[in-house]
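Hi there,

Here is the structure I promised to pass on. Have a look at it first, and my notes follow below.

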Amino acid sequence: MQKVAPVTFEKEIIDELKFTLARDQITASRRDWWIATSMAIQRIIIERMMKTLAVHNEGNVRRVYYMSMEFLMGRLFANNMIAAGVFEEVSEALKNLGHPLEETRDEEYDMALGNGGLGRLAACFLDSLATLDLPAIGYGIHYQYGLFKQEFRKGYQVELPDDWIQFGSPWEIIRPQHKQEVPVYGHVETVHDSGGKDRQVWVNYRKIIGLPYDIPIPGYGTQTVNFLRLWESKAPEDFDFEAFNRGGYDEAVRQKNMAETISKVLYPNDHTEAGKELRLLQQYFFTACSLRDIIRRFQKDNSDWDVFPDKVAIQLNDTHPAISIPELQRLLHDDYGLPWDKAWSIVTRTFAYTNHTLLPEALEKWSVGLLRKVLPRHVQIIFEINKHFLDEVEKKWPGDIEKKRTLSLIEENHEQMVRMGNLSVVGSHSVNGVAAIHTQLVKSDLFPGFDALYPGRINNKTNGITPRRWLLACNPRLSDLIIRNIGHGWERDLDKLRALEPLADDASFREEFMDVKLANKAHLAKRILEECDVKVDPAAMFDVQIKRLHEYKRQHLNLLHILTLYRRLLDNPKLDVPPRVFIFAAKAAPGYDLAKLIIKAINSVGAVINADKRIKGKIKVVFMPNYRVSLAQRIVPAADLSEQISTAGKEASGTGNMKLALNGAVTIGTLDGANVEIREEVGDDNIFIFGNTVEQVHELLAKGYNPQKYYHADAELAAAIDWLGTGYFTPDEGPDVLVPLRDNLLYHDPFLCLADFRSYCEAQDRASEAFKDKARWGRMAVLNTARVGKFSSDRTIAEYARDIWKLPAVPIPE
């Protein structure tokens with residue numbers, strides 16, 4: 001890849017500043033410098049993107065289309081510099097211009113197009129698809145507002161709008177020539193065609209325009225640049241001039257406002273009927289726009305529908321895009337006139353579905369009434385798909401009504417519901433889980449009937465992370481150390497980190513490795529002081545739990561251990577435990593009251609502990625606000641202990657566990673999700689496993705789980721739980737603030753915190769002992785980095801391409 005001299009890049013940046021932003025070097029703000037630099041980098045990427053498109057179009061290549069409601073892209077500045085091969089040149093140019101890289105990169109807003117692991121996984125996959133030269137396009141929504149910006153007031157989470165796009169983005173390319181028009185609402189009429197046959201026609205619908213924005217996705221060490229296409233909703237007419245002239249000012253813009261609400265916010269609150277309707281509209285809007293775009297591209301070079309599945313592979317990232325299955329059937333059958341069976345054969349050879357959860361509430365269901373209101377033709381198509389499918393079930397299990405009831409796409413309770421998970425399985429040729437244990441549970445617990453009906457359809461593709469962002473970009477100190485010792489190559493083949501294994505027994509290398517960790521911790525400590533006003537010691541163990549706030553992830557189990565350790569220190573100030581900083585970062589869904597109360601509890605307990613001079617700073621608790629990708633990139637390199645403590649059988653995979661292990665953090669966790677495979681890779685001596693297994697969890701629940709049994713049998717546990725109900729940690733707000741959390745644990749405990757508490761505390765004690773032995777801990781840290789090469793998203797995507805998509809690589813010549 002041709003290098004760009006720093007002096008050349010200085011000129012590129014100044015030219016962008018002058019001719020694109022109309023600013024000079026004296027008046028330009030720091031953000032102007034960031035935009036100008038980004039646009040200079042974008043020029044290199046766009047040139048490669050145009051070459052990529054030319055090769056793909058000329059070859060009429062097979063592509064994969066990755067549909068996801070979320071793409072948690074984070075910041076693109078550093079990663080795009082690395083992918084463009086100009087990181088050092090840009091750094092030097094900015095330094096010469098008086099604007100250090102670190103200051104300039106902090107001007108970028110995180111792309112707030114996702115919530116958690118689902119969206120971050122999609123972003124890692126896009127990176128790997130381009131790096132592996134696989135023709136691919138991502139499809140999602142161009143949200144104006146992200147999840148929310150989080151602040152803490154008196155320890156409570158406060159949600160503020162996250163208008164990440166208010167000043168535009170230098171990485172986006174608007175494509176008005178590819179806008180799409182999709183129908184919603186209306187009703188269906190039966191008409192007689194010229195051949196005397198009845199046809200169902202969708203009429204009196206409203207139209208919504210989808211305006212596409214493209215974000216180029218450059219591969220690393222290759223010429224390929226794919227793109228992510230995001231749809232923004234627009235009204236067909238911006239303004240009703242006639243209504244305006246009549247004096248109906250609100251009426252004049254009502255249609256416009258309603259249409260544009262669809263892409264306004266990520267995940268509207270769906271506790272209300274209006275919220276549910278908006279969420280359904282979002283899912284249909286982006287999948288319908290995407291399918292029309294896919295068909296437009298297909299028809300440029302192909303006229304035979306039989307080859308559609310040979311040119312098009314569509315991957316559904318969870319059930320959110322599942323409405324695309326009946327939509328493609330509708331387009332092929334209604335709009336293009338294909339016979340039902342031929343259309344359905346094309347549909348099922350085109351789609352594949354990734355399941356991300358075993359939690360019932362996350363497997364979406366839509367009421368038939370709502371679907372009929374918003375998408376009247378789709379209801380008919382879904383019922384027709386179900387009729388044909390239940391005929392299959394009847395052939396396999398004649399007369400088995402219960403089997404039909406379980407597998408049916410329609411749930412027949414007091415209100416008919418469409419099961420989007422079942423629809424995804426029936427409409428796809430592949431269904432994959434995202435970790436070995438998760439896939440086993442998908443087969444045995446979630447979809448056993450489908451596994452029997454379609455043997456081999458359910459398969460495993462263990463998740464992965466891109467090492468370009470999660471080591472090379474986020475941890476330059478460690479990357480430099482690795483390169484000095486084993487050279488390059490691991491950036492594209494993470495298994496090459498195995499060459500570090502012998503160095504785990506080299507005292508001088510371990511010392512260098514832990515010096516890097518200490519420097520990263522000092523960097524994070526400075527940020528903690530700035531954001532949380534808490535002074536922490538970089539030499540302490542940094543114990544990290546950073547992930548979405550949900551009961552099954554069990555941040556409150558972590559809290560119970562903190563309370564226990566605090567009480568032990570109060571009882572014995574000379575207790576021989578290493579100093580520890582407990583670091584949390586997480587957002588709770590706005591309507592999830594208990595999750596928000598857990599945040600309040602951690603903040604309140606932390607405030608008391610941090611101010612208590614009796615324990616002499618032995619433990620500190622910090623909850624860093626506004627968790628996002630860029631914050632994770634600061635915390636991950638500084639972590640010593642990685643908390644992966646979900647109830648066994650509840651976490652599909654997890655990818656935070658992979659990021660932290662790759663950066664030399666040691667995992668404390670249950671045998672859940674990818675933890676199982678991490679243990680296999682790093683070895684039993686380099687991980688702290690605790691808690692009930694999946695089988696033991698099932699057994700406990702089957703017998704009738706009683707959390708009070710554990711409460712009464714364990715004095716330390718009882719003391720920690722009782723403490724939450726005393727008001728000790730909320731002196732200014734009264735004794736009852738944390739009582740709902742105490743009562744939830746004591747009388748319900750749906751995720752078995754109490755059952756795992758003692759085992760967890762014992763694992764924490766083992767971790768403390770190990771941390772006191774610097775040589776042992778350093779060896780464990782090095783081996784974690786050396787042995788997690790399996791968890792590269794490059795490996796995951798190569799498996800998808802080989803097993804599911806049958807997608808060949810298409811290298812782009814320089």
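**What turned up**

At 0% relative accessibility, Gln 282 counts as buried (under 20% relative accessible area, with a 1.4 Å probe and protein chains only). Gln 282 belongs to helix α9, residues 273-301. Apart from neighbours within four places in sequence, Gln 282 is in contact with Met 69, Ile 141, Tyr 143, Ile 262, Val 265, Tyr 267 and Pro 268; contact means heavy atoms within 4.5 Å.

Please keep in mind that this is a predicted model, where local features need pLDDT of at least 70, side-chain atom pairs count only at pLDDT 80 or more, and totals for chains, interfaces and linings use all residues. Residues are numbered from 1 along each chain as its sequence is written, and side-chain values use heavy atoms, with hydrogens and water left out.

Next, a sheet. Strands pair if DSSP finds at least two bridges between them. β14 is joined to β15 (residues 416-419) by three bridges, and Glu 412 has Gln 416 in β15 as its bridge partner.

Best wishes

Definitions and conventions
Helix = DSSP H or I, 4+ residues; strand = E, 2+ residues; numbered from the N terminus. Buried < 20%, exposed > 50% of the residue type's maximum accessible area, 1.4 Å probe, protein only.
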